[in-house]
Amino acid sequence: MSSKNNICSPSTPVMSVGALSRRSGISVSAIHFYEREGLIRSTRNAANHRRYSRASLRILAIIKAGQQAGIPLAEIRTALKPALSGQPLGREDWARISEGWRDDLDHRIHMLQRVRDRLSGCIRCGCLSHELCEMFNPDDRAAAQGPGAPGLGV
């Protein structure tokens, strides 16, 4: 452990949860949460303190990227299966994972754009207060489609 800035040196094969937190920018409590959720693994030293491999930095970065993209933890866990079984994640693995998320992101972006573009008009919510409601939802015919605002197209 380097005393300067209290960060692990690149030659340190394992690090404490505090060092992993400082290096990754992820709180200790979040790291413990990810471990409980089976997204990251640690070993224990002779003093029963958790120790994490340097490969944990890549796993945490992938978790963080996935969360920022709105990917559910269950999907992140699935994508990380090889790493969770002890295989190191390389550049190719990240390319495979990110490509797998790309289609989902493109779909969600498309859906959000549709919602955004329809927000200023009648969304067929049933309020009948918008001047376009009579044209797009006369007498609240959308109610027959079930609950919600079917005009959002989500």
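A nonpolar core is a set of buried Ala, Val, Leu, Ile, Met, Phe, Trp, Tyr and Cys residues joined through side-chain atoms within 4.5 Å. In this predicted model, the largest such core has 25 residues. Select L20, Y34, L60, I63 and L80, which have the most contacts inside this core. Next, colour the elements that each give two or more residues to the core: α1, α2, α3, α4 (73-79), α5 (81-84) and α6 (91-118). The largest share, five residues, comes from α3.

Now select helix α3, residues 55-68. Its 14 residues reach 20 Å from first C-alpha to last, close to the 20 Å expected at 1.5 Å a residue. Which residues of α3 are buried? They are S56, L57, I59, L60, I62, I63 and G66. An α-helix has 3.6 residues a turn, so residues three or four places apart point the same way. Step past the end of α3 to G70, whose phi is positive, near 80°.

Then centre the view on L80. Leaving aside its neighbours within four places in sequence, L80 is in contact with L39, I59, I62, I63, L89 and I97.

Finally, display helix α1 (residues 17-24) together with helix α2 (residues 28-36). At what angle do α1 and α2 pack? The angle is about 110°, and the axes lie 9 Å apart; α1 is therefore roughly perpendicular to α2. To inspect the contact, select V17, G18, L20, S21 and S24 in α1, which meet V28, I31 and H32 in α2. By class, this contact has four nonpolar, four polar and no charged residues.

Technical notes
Residues numbered from 1 in each chain as written. Predicted model: local features only at pLDDT ≥ 70, side-chain atom pairs only at ≥ 80, totals over all residues. Heavy atoms only, no water. Helix = DSSP H or I, 4+ residues; strand = E, 2+ residues; numbered from the N terminus. Expected span 1.5 Å × (residues − 1). Buried < 20%, exposed > 50% of the residue type's maximum accessible area, 1.4 Å probe, protein only. Axes fitted to C-alpha atoms, helices over the stretch in contact; angles between N-to-C directions. Parallel < 35°, antiparallel > 145°, perpendicular 65-115°, else oblique. Contact = heavy atoms within 4.5 Å. Nonpolar A, V, L, I, M, F, W, Y, C, P; charged D, E, K, R; others polar.
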